[in-house]
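The following exercises concern one protein model, each with a worked solution. Please examine the sequence and the structure before reading on.

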Amino acid sequence: MMSLNQRVLLSAALVLLVFIGGITFTLDRAFYDSARIGVKDRLFAKLLMLMGDTEVEESGELDIPINQLDTEFEHVNSNTYAFIVGPDNTIVWRSTSSLNKPVPIETRLEQGEKIFEQILLNDEPYFIYRYGIAWETPSGDLPLTFNVITDTTLLDAQIERYREDLWVWLGVMAVVLLAAQMLVLRWGLLPLRKVSVELAAIESGQQENLKGSYPRELKLLTDSINSLITHEHKQQKRYRNGLADLAHSLKTPLAILQGAIHGEDKEVTRHKTIQEQIERMDNTIQYQLRRAATAGSSPGMKLILLRPMIERITHTVTRVYRHKHPVIAIEVDDNVHLRIDEGDLMELLGNLIDNAFKWCQNSIHISAAYQKNQVKIQVRDDGPGIPSHEIARILERGARADQSISGHGIGLAIVRDIMQVYEGELLLENCVEQGLCVTLCFNQRFPGG
């Protein structure tokens, strides 16, 4: 496939050639029309000079002094000649230069009628100017038609010289413009080549992201590439940290299991210890896998409407807790949406709504709204709440799953870690009357704001 540079250069060259071709045709046509008008004016001027030298005697004979005629009419080899047609459509006078020259069919014109045209005589092109007059004589008006003819030799020579000069100068102009276009194109595509060089450096490990300064047309592209690279690095870091934390968290229960197997405890005690450590390991593995699978914020994420997602998750959780029938209030406008991975959003809402159903007595309240440059999601229940010291611990960065709040499992720990990935804020507080209020704050601008 052709490179972008070749595509633009070829397109520009084609446009330039078409433009020069159009200019050439237009200028050639304009020059030809101008030259033709020049021939017409020259023939008309000679015709007026011929009329000025013409005299009509009382007998009706034409008297045209030879020594006063235009010099072109006196030479036999002249390219311009003239003749006059009388009342009976016969030639009553012709110039010396018309000897051995073709003469068109004699045609008399009406008084004041003028005709300028190009004709063929003996298959050769000629220009002719005809002018009909009525000469006043004592015996009455004498109709005469003056004719001046010239061949196209002079016009053809002018056009040929003009075309030669035109093509030479337009050719020089085309070369200069193509060279200028190549330089301009090279300068204009310099940022793209710079992006290509930096991407190659990133691929080879010489740098981590695009560091150059780019024009605003490429700024969105380069910023998006840097965001994707940063997102990928964070994702890889989460995987590595997740695996390291998983290995670290499993050491203790594995050691306890090994001790239980080789210990001398009673069978019931041993079975209980093994069961507890298996559940602990299962919770730890679930937590670390979910934590590592968190997608995080990415430029390519689509906007998700919150109300349909909340209603779907609420309907699903309701079927799990069939024995409970709390009053569920959902206050979310239809246009509230969030730029987040759908799986992460389901994990967040699923854990919060599940905890609300688990601990509520009679009611659950779910709301979401825009507040300045934030999207706030809030889930409240009328359950027993969480002791203050437990709230402070779950909000600590780096708290592990095996240190999760008793009774709440790893749900809130997952929510905390997902909010950290999205650089959001998780707020836990006990309601004034009773119950727990969980608030998620995402820093996202209000649409159109």
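**Exercise 1.** Determine the strand order of the open sheet of 5 strands, and state which strands form its edges.

*Solution.* The open sheet runs in the order β9-β11-β12-β14-β13, and its pairing is mixed. Its edge strands, each pairing on one side only, are β9 (327-332) and β13 (425-430). On average, neighbouring strands of this sheet are turned by 10 degrees against each other, direction ignored. Strands here are DSSP E runs of at least two residues and helices are H or I runs of at least four, numbered from the N terminus; two strands pair if DSSP finds at least two bridges between them.

The model is predicted: local features need pLDDT of at least 70 and side-chain atom pairs count only at pLDDT 80 or more, whereas totals for chains, interfaces and linings use all residues. Residues are numbered from 1 along each chain as its sequence is written, and side-chain values use heavy atoms, with hydrogens and water left out.

**Exercise 2.** Describe how β9 pairs with β11 (residues 363-371).

*Solution.* The two strands pair in the parallel sense over 6 bridges. Within this pairing, Val327 has Ser363 of β11 as its bridge partner.

**Exercise 3.** Characterise the packing of helix α8 (residues 342-359) against α10.

*Solution.* First, the geometry: the axes of α8 and α10 come within 9 Å and cross at roughly 145 degrees. Axes are lines fitted to C-alpha atoms, for helices over the stretch in contact, and angles run from 0 to 180 degrees between N-to-C directions. Next, the residues: α8 contributes Asp344, Glu347, Leu348, Asn351, Leu352 and Asn355, while α10 contributes Gly411, Leu412, Ile414, Val415, Ile418 and Met419. Contact means heavy atoms within 4.5 Å. Finally, the classes: the contact has 7 nonpolar, 3 polar and 2 charged residues. Ala, Val, Leu, Ile, Met, Phe, Trp, Tyr, Cys and Pro count as nonpolar, Asp, Glu, Lys and Arg as charged, and the others, Gly among them, as polar.
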